[in-house]
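Please examine the sequence and the structure before working through the solutions.

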Amino acid sequence: MTTLQSDIERRGKRVFELVDTHPEPLFSKAGFYQRLMALSMRDEQFKVQLFRFVDVLPSLRSSREIIQHLEQYFADGRDGAPPFVGLGIRLARIVPWVSGPVLRWNVSGMARQFIAGRNADDVISTLRKRRAQKIGFTVDLLGEAVVSEPEADEYAARYQDLLEKLARETKGWTDPLGKNSELFPVVNLSVKISALYSQMNPADPADAIAHLAPKLRPLLRRARELGAFINFDMESYAHKNTTLELFKSLFGEAEFKDWPHAGIVIQAYLRDAENDLRGLIEWGRARGTRFAVRLVKGAYWDYETTKSQQNSWECPVYFQKPESDANFEKLTRELLENESIVTAAFGSHNVRSIAHAQAMADELGLDPRRFEFQLLYGMAGPIKRALVEMGYRVREYCPVGELLPGMSYLVRRLLENTSNEGFLRAKFAENVSERELLRDPRDLIRKNGAVHSVAPNQSADWKLALPGDSFKNSPLVNFVYKDSQDKMQTALREMRKRFGEKYPLVIGGEKVWTQELTPSVNPSEPTEIVGYSAEAGIPEAERAVKAARSAFEKWRWTPVEERARLLERAADILERRRYELSALEVFEVGKPWNEADADLREAIDFCRFYAHQMRQLGRPKLTQRVPGEDSYYHYWPRGVAFVIAPWNFPIAILCGMASAAVVTGNAVIMKPSEQCIVCGGMLMQVFEEAGVPPGVLNLLTGHGSVVGAHLVDHKDVDLIAFTGSREVGLKIWESAGITRPGQRELKRVICEMGGKNAMIVDADADVDETIMYSIYSAFGYQGQKCSALSRLILLEENYDRVMERLIPAAASLRVGNPEQPGIMVGPVIDEAAYRRILDYIETGKKEATLAYQAKEVPPHGYFIPPTIFTNVKPDMRIAREEIFGPVLSVLKARDLDEALDMANGTDYALTGGFFSRSPDNIERVKARLEAGNVYINRSCTGAIVERHPFGGFKMSGSGTKAGGEDYLLQFLVPRVVTENTTRHGFAPEQTPEYRDEFLWPKSQQ
């Protein structure tokens, strides 16, 4: 055993001795709370339901609602509810007017264990009690998620008010230890940066700093005057780099450069925490003034791991708790070794971590009064008392706020207390031995979970795949990283240099130029021409059909594996050219950075997923096992496919439809929309580089009314894959039903059209989530998604609560040129769309009430101000017709029945959504909402290949699902081959379930 480990154990045992002199259960409040927490530690499913019920409870207004939700979460022993809970529910039904308030009172008691007070006045009495116990404080404000600038301004004012009251009420207080008190001001305020600016975007830290710094300077100035300390809290990983940059920027300014009473948090569960800490120390030495670091483990583990899995990102946090503990100790040494410039505050309830800090300081010869320990209010009281008795400085983190906005904090604390790996649970609830609790965390790290390096934007190796599943979604680019931001900025600069390039038609592998060139303009600045494309006419269309028909006769007999590898090579090229093509989309169709990257990600996923699916479909499969007979079911391609794609997903949808047709053995003519011809030209380049044979994929750019109409009616076109407007889609559907002279096949039409998508907001919905997701769904990419939110249906009892936050949130959106990072609302696609949407807005002004319209939009380009109408009735045009722009109609419904009637009452059925925390209502909407894609408690846009197969019915489409496992079947015809294998009464005993493809001549591979 090392000397350090021996010292850690000695100090840890001393802490435990002192803790045991004042024994206290993990959950200091007896009765209801203690019993529920004990149950939740024994039953994971019960814990999930319990915490969800706790989360929704403050939003429930009546006893009836409380009892209804209690029944839905726990009745009939569902989800592991113990018998006494069932008994409580039965009693609650009998006397709901008593049971509801009692439940609310008990949950409020749970919250009060962790929340130090409702407001600044309320918290002072708590702080006085702690002062008597020689425990200092840092106070933080709890609140609703900030979704608008008025809310951010209100938060800033609350911080200012809290600072003034703390300073006034603690006047004359002194540091309990006396020595080195100049390092530890009595008044200590923790500030959450995200609460001060509603439009923080990881891709644009400069914008965040530009808005945050002016709000923080008055607070810092006043704190300095009052002799107070300001600490910048650290929240989710998305805001980490911005918070660090803001801290360095502000405290590097002349006014604050020599002020030592500022601190920031480092989260030890982050893999890059060591680099961040070293960067801060280097900055601090260059600055020449002491600053502080609060070292914590981190409170967002569940969120970070979930978010990373959803986006296929490398996870920023360690997976094993001992890894975080080991990193905490490593960073502890780093802090103490640099004590001359940084004041350390160790935020942990783990006695091993605390004892390690004590031992390390002693080894380095540091005065124990030059650092402090910080612990959370309402937790680990005996450990705080022990540390005070040992002569250490202790500060308590005291959150202040009302019950409703404090729920997310409460749930985090409950999760921490009941975590399987939590120290407090191990010590105070499970009585794990001191020896085990004081072990070196490095000895506890499982070898198969060893730390692996961070590789931004690379697919996570830890993502679980189902057995036999070889497909994984490509990760989104994570613009948290400066490297990603720099690559995108470089791509934009390089793409701008290529403005005006010309792109040919591609027919039968040959580049074809015509006398007419079609320009493609930048909708943000229509005087800029992004590029030109040759314009096809009828002769080029005929030539393309002939080339495709000729190529089909060979391509149809090409082995499935060869066709699948072609798509995988195309995916690899798209990955390599990802930033370049994203930059093109920013210029050609006005997509913001994240939307452009998501489009490229979808194109990549389409290629890889369809390759994977075709390998499964491509093998003939035995229908039944019958002695003496083999019957194999397999597929043939249909022939010549004509792909007509829209401009709003200029590479993803074009690539998705074309790649599906190609991998299934069809020969393809692809026609991009006239507004994104450069995207079409570059996608053709990708497939040419991937090695697509001549004639298998042909590119025609031109007017839909000319070449599009001609090819739809062509006798030699066997399949039409269309995504676009209802008007054009219905014409294609009608025309394809006419059999032309010489036509050999009944035409198959894959028709995806528009939507009039509705989201319903239940009475108990989480309003924070509702606002954030609704705003993004309605106004992300200017509302130019077929999946975009067009109708927000609010139950009348929630109407005012939602509207009072929805309008300011819309007013806070960043509208501008999407070339700039962090923009959400850019231009609409062209002048025709611009005028059409403005006409709908004028119609809305006559039909309904204009509740909000942005006043400031860029003077040049096709920018439509985000617009919201209220008093909208279901029969109004703005509630029935697809607008395809940043226009949102808000409807009011009496109850869920009427809301569903409104949602289902249009011609469309593409996407729909529901915000609710009622399990029964959620199940009802899942069953009854008429939409191809139903989304619960999230945005109604952003479908991901395989995860959310996309497509609608009614007038939204023919019922196909792009990115789904049955999508390729639309491009194929099924065929069964049956052979009698009996010879003179003898038949083979075994018949394989799958056999090789039916190919002739046989493949030489």
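**Exercise 1.** Determine which residues of α23 meet which residues of α24, and describe how the two helices are arranged.

*Solution.* Step 1: with contact taken as heavy atoms within 4.5 Å, D599, E602, A603, F606, C607, Y610, A611 and M614 of α23 meet A652, C655, G656, S659, A660 and V663 of α24. Step 2: by class, this contact of α23 with α24 holds 10 nonpolar, two polar and two charged residues; Ala, Val, Leu, Ile, Met, Phe, Trp, Tyr, Cys and Pro count as nonpolar, Asp, Glu, Lys and Arg as charged, and the others, Gly among them, as polar. Step 3: the axes of α23 (residues 593–617) and α24 (residues 652–663) come within 8 Å and cross at roughly 15 degrees, where axes are lines fitted to C-alpha atoms, for helices over the stretch in contact, and angles run from 0 to 180 degrees between N-to-C directions. Step 4: α23 and α24 are therefore roughly parallel to each other, a term for angles under 35 degrees. The crossing of α23 past α24 is right-handed, that is, the near helix is turned clockwise from the far one by less than a right angle.

The model is predicted: local features need pLDDT of at least 70, side-chain atom pairs count only at pLDDT 80 or more, and totals for chains, interfaces and linings use all residues. Residues are numbered from 1 along each chain as its sequence is written, and side-chain values use heavy atoms, with hydrogens and water left out.

**Exercise 2.** Check the span of helix α8 and identify what covers its buried residues.

*Solution.* Step 1: α8 (residues 149–169) has 21 residues, so at 1.5 Å a residue it should span 30 Å; its end C-alpha atoms are 30 Å apart, which agrees. Step 2: its buried residues (under 20% relative accessible area, 1.4 Å probe, protein chains only) include Y155, Y159, L162 and L166. Step 3: the elements covering the buried residues of α8 include α7 (120–132), β1 (136–141) and α9 (205–226).

Conventions: Helices (H or I, at least four residues) and strands (E, at least two) are DSSP runs, numbered from the N terminus. The expected span of a helix is 1.5 Å times one less than its number of residues. Buried means under 20% relative accessible area, exposed over 50%, partly exposed in between (1.4 Å probe, protein chains only). Angles under 35 degrees count as roughly parallel, over 145 as roughly antiparallel, 65 to 115 as roughly perpendicular and the rest as oblique.
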